[in-house]
Amino acid sequence: MMLKQVLLQFLLLLSLFVSSFTTTITVVAAAATTTSILNSETYLPPQFREAPEFYNSPTCPSLTEGNNNVIGIEENEKNSTLICSEKAVHVAMTLDAAYLRGSMAAILSVLQHSSCPQNIIFHFVVSASAAASTTASHPRAIISSSFPYLKFQIYPFDDSAAAGLISTSIRSALDCPLNYARSYLPALLPTCVRKVVYLDSDLVLVDDIAHLAATPLPGAAVLAAPEYCDANFTAYFTPTFWSNPSLSVRFANRKACYFNTGVMVIDLARWRDGGYTTEIEEWMELQKRMRIYELGSLPPFLLVFAGNIAPVDHRWNQHGLGGDNFRGLCRDLHPGPVSLLHWSGKGKPWVRLDSNRPCPLDALWAPYDLLKTPYSFES
């Protein structure tokens, strides 16, 4: 009996060892396969369904009427329009491979809820390397395949412009050079474009973007965004900053409040006249020498603009739905009406949905997801 028990224990240990060894081999093989695919010239980017086409209501103004100073958007086989039209709603976004699925959903939501979708012109900023691609992964090819009717322009962004100024932050995703491209929009977009709505890629609109674009910028205001004056503003900067009188005096005569830079209405002409990109870069250079903040591209915007921006109703940025920057836990909506849902924070709805661990509000993002499923590939 004793011999039988010993033999059974030996066989159990042997089975556990074989199982562990097999799992290790499988994981290593899978990793090797993934690496070879990513490095292969035949690697295909994510594929997206074609979105429905949306049309203007009868009351929408013509983009060409009364516009005598225009520059044509680059013409493709589908459409051409006027990039300088003041009657258009100009929307700027970045297109990054890691957030492309979110960007496609955001574009669809903007069009679907607009009363004049044909009057929206998108300005997409991409990395210079992506813009130079000649494969199916080129941003223009991806956008055109899902939105063949869309009026848009692609702007290559030289990553080196910001890479040398970036300091590590609390989350690596915030350190991507393209995350800083919003600071360079006035230089990237044509000078005839005076006003633009900037949108992050992890959001969807459920209201007409024309209402947001019509936000007034009185006086010398350069940008407009929802402000959150109940937030602890001091937490966005380090004790080194606040203990240095020559730095903390920056906010001495300003009622500075936190605002999220993922949704902004920007007067590009005033930005250019004020040279604010240079000012942002100067704060980033100081950050390289002495640690004055921790959170990516946001603090330089606060240093330059906080306390001097035009207000926007909070309904236009129900932010924080991605949780904090560490765990990305589920969150509820803020009280009040909603025009824009923003999954800022670590948790992204497409990632949580794919892992079968969605938060309740992720179901509001899912209807805008254009990613092709295996079933749609077979169809």
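**The lining of the largest cavity, and its setting**

Good morning. By class, six nonpolar, five polar and two charged residues make up the lining of the largest cavity; here Ala, Val, Leu, Ile, Met, Phe, Trp, Tyr, Cys and Pro count as nonpolar, Asp, Glu, Lys and Arg as charged, and the others, Gly among them, as polar. The model is a predicted one, in which local features need pLDDT of at least 70 and side-chain atom pairs count only at pLDDT 80 or more, while totals for chains, interfaces and linings use all residues. Residues are numbered from 1 along each chain as its sequence is written, and side-chain values use heavy atoms, with hydrogens and water left out.

To return to the cavity: its lining comprises 13 residues, and S167, Y180, Q287, Y293 and G296 lie nearest its centre. A cavity is a set of points, on a 1 Å grid over the protein atoms alone, where a 1.4 Å probe fits but cannot get out; lining residues have an atom within 4 Å of a point. The volume of the largest cavity is about 50 Å³, that is, the space filled by probe spheres set on the points, with grid points joined across faces, edges and corners. The structure holds one cavity of 30 Å³ or more.

Next, confidence. pLDDT is the predictor's confidence in each residue, from 0 to 100. The protein chain averages 83, and 79% of the residues score at least 70. Over residues 1–43, however, the pLDDT is below 50, and this stretch has two contacts beyond near neighbours in sequence; contact means heavy atoms within 4.5 Å. Over residues 68–81 the pLDDT also stays under 50, yet the model has 25 contacts beyond four places in sequence for that stretch. Where pLDDT is low, the predicted coordinates should not be read in detail.

As to the fold, the protein chain has 14 helices and eleven strands, taken as DSSP runs (helices H or I, at least four residues; strands E, at least two) and numbered from the N terminus. Of its 379 residues, 48% count as buried, meaning under 20% relative accessible area, whereas exposed means over 50% and partly exposed lies in between (1.4 Å probe, protein chains only).

Two residues illustrate these classes. S109, in helix α2 (residues 100–112), is buried, with a relative accessible area of 0%. Leaving aside neighbours within four places in sequence, S109 is in contact with V204, L205 and Y368. N356 sits in the loop between α13 (349–354) and α14 (374–378) and is exposed at 66% relative accessible area. Phi of N356 is near 60 degrees, a positive value. Most residues other than glycine have a negative phi.

Conventions
On a 1 Å grid over the protein atoms alone, a cavity is a set of points where a 1.4 Å probe fits but cannot get out, and a pocket is an open set with protein on both sides within 12 Å along at least five of seven lines; lining residues have an atom within 4 Å of a point.
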